[in-house]
Amino acid sequence: MHIVYLGKLADIAGRPAEDIVLPATIATSSALRAWLDDTRAFQGALLHRSVRMAVNNEIVVDPHPVVDQDEVALMPPVSGG
Amino acid sequence: MIVITQEPFEPSAALSRFERHAAGSGAVVSFSGYVRPDTAGGAVERLHLEAYPPMTQTGIVEAVRSASLRWSLTAAHVIHRVGDILPGEAIVFVATAAPHRRAAFEAADCLMDYLKTEAFFWKKEVTASGARWIEPRDKCYIDQTRWKSSKDGRQTCTE
């Protein structure tokens with residue numbers, strides 16, 4: 001699975017993206033958030049409601065199925081213009 | 001036309017091109033946004049804008065398509081910078097053309113609200129005292145509710 005961290009989440013993760021092997025026990029976006037938050041230094045940042053998740057370039061609503069072949073993006077509140 | 005670019009651009013040149021492209025329309029409206037030289041945290045050294053292609057691009061395409069239908073636009077153009085942007089440089093340009101002025105004004109306004117609060121951009125402000133990620137001000141979200149319409153409550157510029 002390719003995981004992209006956007007905005008401040010990349011600073012917290014210490015990298016803009018990473019490739020992982022999805023643990024067999026993780027089948028949903030919610031479980032993925034919790035696992036990443038727990039195993040990286042996020043300290044709850046990924047669990048915040050304002051952080052959206054995109055799977056293969058579509059915003060999903062938790063819990064959404066995820067598989068190892070997916071690209072997942074974790075998105076804090078946006079800010080353009 | 002929608003352009004997301006690392007390169008500096010000249011809004012006045014973009015407007016000239018757009019006016020030629022939109023020739024025959026009764027009304028052309030444009031907005032140019034620039035990086036302010038200072039903020040509450042002091043003098044701004046630069047802004048850093050991040051996007052997530054292709055979602056950034058497809059989201060803007062959809063917003064422009066929706067606005068074009070809602071306000072019967074004859075043309076629309078969005079330019080948005082990414083990467084490092086210096087004070088005084090243009091960060092965003094929106095132009096709309098329509099048969100009459102009200103439609104062109106409202107469509108440009110709605111597209112700017114979309115870019116501020118919905119488009120997939122992340123903005124970091126770098127000052128002498130450090131860097132911080134910017135989140136939209138409450139005022140931006142209030143502005144945005146003027147156009148709210150889609151079923152999930154997110155603004156789309158759709159009627």
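Is B:His80 buried or exposed in this predicted model? B:His80 is buried, with a relative accessible area of 0%; buried denotes under 20% relative accessible area, exposed over 50%, and partly exposed the range in between (1.4 Å probe, protein chains only).

The model is predicted: local features need pLDDT of at least 70, side-chain atom pairs count only at pLDDT 80 or more, and totals for chains, interfaces and linings use all residues. Residues are numbered from 1 along each chain as its sequence is written, chains are lettered from A and ligands numbered from 1 in the order in which they are written, and side-chain values use heavy atoms, with hydrogens and water left out.

View 1. Strands (E, at least two residues) and helices (H or I, at least four) are DSSP runs numbered from the N terminus. Leaving out residues up to four places away in sequence, B:His80 touches A:Gly80 and A:Gly81 of chain A, together with B:Val3, B:Ile4, B:Thr5, B:Leu49, B:Ile91, B:Val92, B:Leu115 and B:Phe121. Contact here means heavy atoms within 4.5 Å. A polar atom of the B:His80 side chain lies 2.9 Å from the backbone nitrogen of A:Gly81.

**View 2. The largest nonpolar core, of 34 residues.** A nonpolar core is a set of buried Ala, Val, Leu, Ile, Met, Phe, Trp, Tyr and Cys residues joined through side-chain atoms within 4.5 Å. B:Ile60, B:Trp71, B:Val94 and B:Leu115 touch the most other members. Two or more residues each come from β2 (27-34), β4 (42-51), α2 (55-70), β5 (75-81), β7 (90-98) and α3 (101-117) of chain B. The largest share, 9 residues, is given by α3(B). Another core, of 19 residues, lies apart from this one and includes A:Ala10, A:Ile20, A:Val66 and A:Val72. In soluble globular proteins, nonpolar side chains tend to be buried together.

**View 3. Contacts of B:Leu115.** Not counting residues up to four places away in sequence, B:Leu115 touches B:Ile60, B:Val78, B:His80, B:Val92, B:Val94 and B:Phe121 within chain B, and A:Gly80 and A:Gly81 of chain A.

**View 4. The interface of chain B and chain A.** Contacts join 25 residues of chain B to 20 residues of chain A. The area buried between the two chains is about 1900 Å², of which carbon and sulfur atoms give 55%; buried area is the accessible area (1.4 Å probe) that two parts lose on being put together, summed over both. Across this interface the rule finds 2 salt bridges, a salt bridge being a side-chain nitrogen of Lys or Arg within 4 Å of a carboxyl oxygen of Asp or Glu. A:Lys8 forms a salt bridge with B:Glu135, with the closest N and O atoms 3.0 Å apart. On the side of chain B that touches chain A, two or more residues each come from β4, β7, α3, β8 (121-127) and β9 (130-134) of chain B. β8(B) gives the most, with 4 residues.

**View 5. The salt bridge between A:Arg33 and A:Asp62.** The closest N and O atoms of this pair are 2.7 Å apart. A:Arg33 lies in helix α2 (residues 29-39) of chain A and A:Asp62 in the loop between β4 and β5 of chain A, so the pair ties together parts that are 29 residues apart in sequence. A:Arg33 is buried, at 8% relative accessible area, whereas A:Asp62 is partly exposed, at 32%.

**View 6. A:Pro65 in the loop between β4 (58-60) and β5 (71-75) of chain A.** A:Pro65 is exposed, with a relative accessible area of 57%. Its C-alpha atom is separated by 6.2 Å from that of A:Ser29, 36 residues apart along the chain. Leaving aside neighbours within four places in sequence, A:Pro65 is in contact with A:Ala27, A:Thr28 and A:Asp70.

**View 7. Salt bridges within chain B, including that of B:Asp113 with B:Arg146.** The closest N and O atoms of B:Asp113 and B:Arg146 are 2.9 Å apart. B:Asp113 lies in helix α3 of chain B and B:Arg146 in the segment after α4 (138-145), so the pair ties together parts that are 33 residues apart in sequence. B:Asp113 is buried, at 7% relative accessibility, and B:Arg146 is partly exposed, at 46%. The side chains of B:Glu89 and B:Arg81 also meet in a salt bridge (3.1 Å, N to O).

How values were computed. Polar contact = N/O pair within 3.5 Å; in protein donor to acceptor, adjacent residues only side chain to side chain.
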